Amino acid sequence: MRVPLSWLHDYLDFDLSADELVNLFSLRSQEIDGVYRFGVTEGDVVVGEVVEFGPHPNADRLFVAKVDLGGREVQIVAGAPNPYPGARVAVVVPGSVMSDGTTLREARLRGLQSYGMMMSERELGISADHGGILLLDDCYEVGRPVAEYFPVGETVLDIDVTPNRPDLWGMIGVARELAAILGTDYRIPEPSFEAGGKPTHDFGLRVEAGDLCPRYDLRRVSDLEPGQEAPLWMRRRIYAGGMRPINAIVDATNYVMLETGQPIHAFDAAMVRGGIVVRRGRAQEKITLLDGSTRVLDEETLVIADEERGLVIAGVMGAEDAEVGEETTDAVIEVANFDGRNILQTSQKLGLRTDASGRFERGLDPNMVSYAMDRVSALLTRAPGGRVADDTLSHYPEPVQPWRVPMRLGRAELLLGMPVQVDEASGLLESLGCEVERTDGRLWATMPTFRRDLRREADLVEEVGRLIGLDSVPEMLPAVPQPGALTEAQQKTRSLRRLLADLGLSEAITYPFGPERWTEDLGLEDGPIGIENPLSAEGGYLRTSILPGLLDAAARNRAFGARGGALFEHGNVFFSDVPQDDLREAALRFRMTGEVGAQLAEGLMGVREVSRIGVVLAGTVRPAGWNVPEFRAGFFEAKGLVERLVPDARFVPTERTYLHPGRSAVVMVGDTEAGWVGELHPEVAGRFGLDGWPVAALELDTALCQPGPEPRFEPFFNVPAVARDLAVLVEERIPVGDMLCSVRDLPGPLLTEVRIFDVYAGSPVPQGQKSVAFGFTFQGEKTLTDEEVDAEVGLVLSRLEDEFGARVRS
Amino acid sequence: MTVSERIEQLKTEALSAVATGVSTADLEDIRVRFLGRSAELTEIKKSIGTLSPEERKEVGRSSNLASREIEAALGARTEEVAAREQEERLRAEAVDVTLPGVPSQRGHLHPSQIVIDDVVDFFVGLGYRVAEGPEVETDYYNFTALNIPEHHPARGEHDTFFLDEGLVLRTHTSPVQIRTMLSQEPPVFVVCPGRTYRNDNDPTHTPMFHQIEGLAVDRGLTLAHLKGTLAAMARHVFGEDAEVRLRPGYFQFTEPSVELDISCFVCGGTDPNCKVCKGAGWLEMLGAGMVDPSVLEEVGYDPEEYTGFAFGMGPDRMAMVKYGVPDLRLFFEGDLRFLRQF
């Protein structure tokens, strides 16, 4: 809502700068989105009379004028040709500051001295018109400041009105609010006019769709002078209020809308056939609107029609057919109240939001209609000189009555956490338009019907609190009767993330939706869940894997010159879990109403979310340094991370479409699959823009990771440990991991550590075999003798011989 | 020359050789030469048996004395030379200490997560638990249960992503509050961090972003408790000098509703050209309010017995403000040039 401050001064007296007003309004009522300035912000504008006017001798497109400023003649160079001797103009005095911050100075223009400037409507903040110099009529006295007739500068506050306050969509409502904040009075114009125009009842009024139209009032204003422009003061307010001046009749309706918040429509009476009918749209009914578009209506659209055709999509926009125009001399004025919800739906359906629909959709007060009707009637008797009918047709079968809401002072103090005095609370509610009585320890407030948002005690408490000032609320900490803690799962997720960051990876957070090609490029079979209204086709499907988002990120980094990188992300992936047909109805009911019925809520969600952690190592993760080799993405680099995240994991070779068939494994925890690790299939890497780069990745269910297993003490003895190495030859196909597990499983407490320190195939190892070198550490309760250690190594060897056909490499 | 004289002569020779020995190897040669198995002094000692008893005593004593003296000199000299040699060796091993060390790769946590962890830790310290919920929500939990019924104008402002019938990507973490209250009796003290979604994309809006909401329901909770709690949090995150102020706000699920600003932690309101607060001195930080009685009723709590407060903040925006990031979209591109700064 745009609030021109000069206009606001009509309703109440205040002495606050724009900044003070912004601050006060934000702290007590609504946020201010912006402050706009128009016209001349500092300095003077004087009425002048053109004495001479002609072309500039040295410039084709310039003109020069001699202007009388009231006993003083000055020369002014102009850019527009429309002034003429005898015309009155607004001249801005040198030294004045314009709303854009520029200061006007006396200057020489193409060799001629120019004093000030003759102003256009735009330069004075009257309208957007910059086509010529504003010519004033004769009632403007030469030499007087223009500001005596209308403000030459304007400051406009743009209030960000919250949806619960439709009463603030009009200047009067804003004035009432400011008066309540300042604890002062406000005044509203008393509409007065003489009736005696042609009767309204020449036309009929039939409201067929009463459910969508609680109130509809119609009044005729006849004998209008055609083709009139609204008076300058009205046009400049309409312009400052954010609308476009059109003609005297339309401007009067818009002016009253800006003033009261009540949208008003004017029909050209000559074009209305029979009478006004308020009805639902008919199937396939079409209407061509003022903006030139043709809309197809349906039964949910409320239409204002005459006996023959639709004239207006109610509350949204009119058709050209019966619109008032240059020739209109007789108008029928509609001031009505429509169902806000229906207007919102219509406006959304048509993709058409207007000043009127935006107000109706919030739900307006039907009792506002009478005042708005009188006010627009009064204005129409002035500039376009109309005569108002004696009668008004009105459909208002169920007048809205004020309602009473009780407020307990103790409750207000409890919710607000500060003392509230009964007189103060009562006075504040009265300043908002309530009538307040005190009985049985409560304040009973009778609501003005324009405050439809005030229904309950809590609503009143809010009003009292904000008007007292929330800065008076003290700061206190409540006693929390429980110990705070993260759950085990939350703690685990955090450990996982910190562990990966400690290991040198960077945490990414990517959008969990992407294009359909994500699934195709990965060669996944399961169809992902689609978003019905994605931002773009690039974000139409929920991810079923963390991988594609990280691959896109890696490709992005590559595109900007990175040689590689290590990224991880923790987040959810989404799987379709469509309820069976017989549960579909129950599922829909659950989703809309929360009712579970006999089923478990999980089964009715239709989506399974799984918490995952994903890693992508791409390219040269770390380039070589003078003292370290480069670190490149590879299977074992990724596997090393898995071994930290899931220490008990087993690795089983796997074949997945998106992974290198020989360099990928499923990660097993017991019998449960916890995820996978592997090098990316080069084909897939190519599709993601990573061709030629080594890429290794992993993805694990966070629930199955064990980043910090519970420590358990194992006793040890303070005797020297003995190290031994053993190299054996086995067939090349034997998995070394199996050998390692088998050795670890050996009974006996002496073998404390096993590692593989070399795996080698090729000459001199015989074809088809490989050499595997183990390093052992033995330790016992007492110092081991060579014989004892030999015996232990012998046990290991014989197990390797038995199970894997190994023999000692000589 | 008598044997004793010879011994004396050998000793003098030996001591002068030791004194001129310049390396441990030299000194070892000298030791072998004068004290080794075939050294003359050793030979003399071996031949003592062939001497007369008087000579035996005299030669024995003087040869032993000579050996001991030579050894002592050797020992002292060797120690001296070895120390010098070691020092020379270490000097030769000197490195260019300005060369980089063996790198331990540094990783990075995401800036939004840093803020989330920080805020969560603060509330856990106060006694709050952390509640989580699904990102795909039902229409009911995301809207209706929060006092936003079907066709309510407030729904239009949520820019919701719709999925299958009745399912949406949650537009806020508020449904977690409902799920929490439905699953337990008061007192409730929880924070709910998580990803949320709205169909919007510009420098300050991304289709996915984070929220942290908090909910407290107990007997006797007031707006003053809300203000005190959030002021303490602001001081934890933005520094001890942070001030907060409340302004009226509007949310469907709180009444009264408030907006909370924190004083600009960069300029404290003293710099009219401050880049962070744009001269306002205050930064809009979060929305909050007393839980609407109809929301309490919806989950089966008695609003006459219990009151509560709820608040919601955007950790991404907090990170933008805290670290001076101009564009929210940078947060979700996985760009290492961005991530490595945190």
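Predicted model: local features only at pLDDT ≥ 70, side-chain atom pairs only at ≥ 80, totals over all residues.
Student: Which residues of α6(A) are buried?

Tutor: A residue is buried if 20 or more other C-beta atoms lie within 10 Å of its own, exposed if 12 or fewer, and partly exposed in between, with C-beta atoms placed from the backbone. In α6 (residues 340-350) of chain A, the buried residues are A:Gly340, A:Asn342, A:Ile343, A:Leu344, A:Thr346 and A:Ser347. They pack against β20 (302-305), β21 (310-313) and α7 (355-360) of chain A, together with α7 (153-156) of chain B (contact: C-beta atoms, placed from the backbone, within 7 Å).

Student: In what order do the strands of the open sheet with β20 and β21 of chain A stand?

Tutor: Strands of a sheet pair through backbone hydrogen bonds, either parallel or antiparallel. Here the order is β14-β17-β20-β21-β22 (chain A), with mixed pairing (two strands pair if DSSP finds at least two bridges between them). Because β14 (204-207) and β22 (317-318) of chain A each have a single partner strand, they stand at the edges, with one side of each left without a neighbour in the sheet. Within the sheet, β17 (residues 275-280) of chain A pairs with β20(A) in the antiparallel sense over four bridges, and A:Arg280 has A:Leu302 as its bridge partner.

Student: How many residues of strand β7 of chain B are buried?

Tutor: Ten of the ten residues of β7 (residues 254-263) of chain B are buried, so this strand is largely enclosed by the rest of the structure. Both of its faces are covered, with B:Val258 among the buried residues on one side and B:Glu259 among those on the other. A hairpin of five residues joins β6(B) to β7(B), and β6 (residues 244-248) of chain B pairs with β7(B) in the antiparallel sense over five bridges. Eight bridges, also antiparallel, join β7(B) to β8 (residues 282-291) of chain B. B:Val258 is the bridge partner of B:Pro248 and stands opposite B:Ala288 in β8(B).

Student: At what angle do α5 and α11 of chain B pack?

Tutor: Axes are lines fitted to C-alpha atoms, for helices over the stretch in contact, and angles run from 0 to 180 degrees between N-to-C directions. Helices α5 (residues 111-126) and α11 (residues 315-323) of chain B pack at about 105 degrees, with their axes 8 Å apart. They are therefore roughly perpendicular (65 to 115 degrees; under 35 is roughly parallel, over 145 roughly antiparallel and the rest oblique). Among the residues that meet are B:Val115 and B:Ile116 of α5(B) and B:Met318 and B:Ala319 of α11(B).

Student: Where does B:Asp327 lie?

Tutor: B:Asp327 lies in the loop between α11 and α12 (336-339) of chain B. This residue counts as partly exposed because it has 13 C-beta neighbours inside 10 Å. Its C-alpha atom is separated by 26 Å from that of B:Asp121, 206 residues apart along the chain.

Conventions: Residues numbered from 1 in each chain as written. Chains lettered and ligands numbered in written order. Helix = DSSP H or I, 4+ residues; strand = E, 2+ residues; numbered from the N terminus. Contact = placed C-beta atoms within 7 Å.
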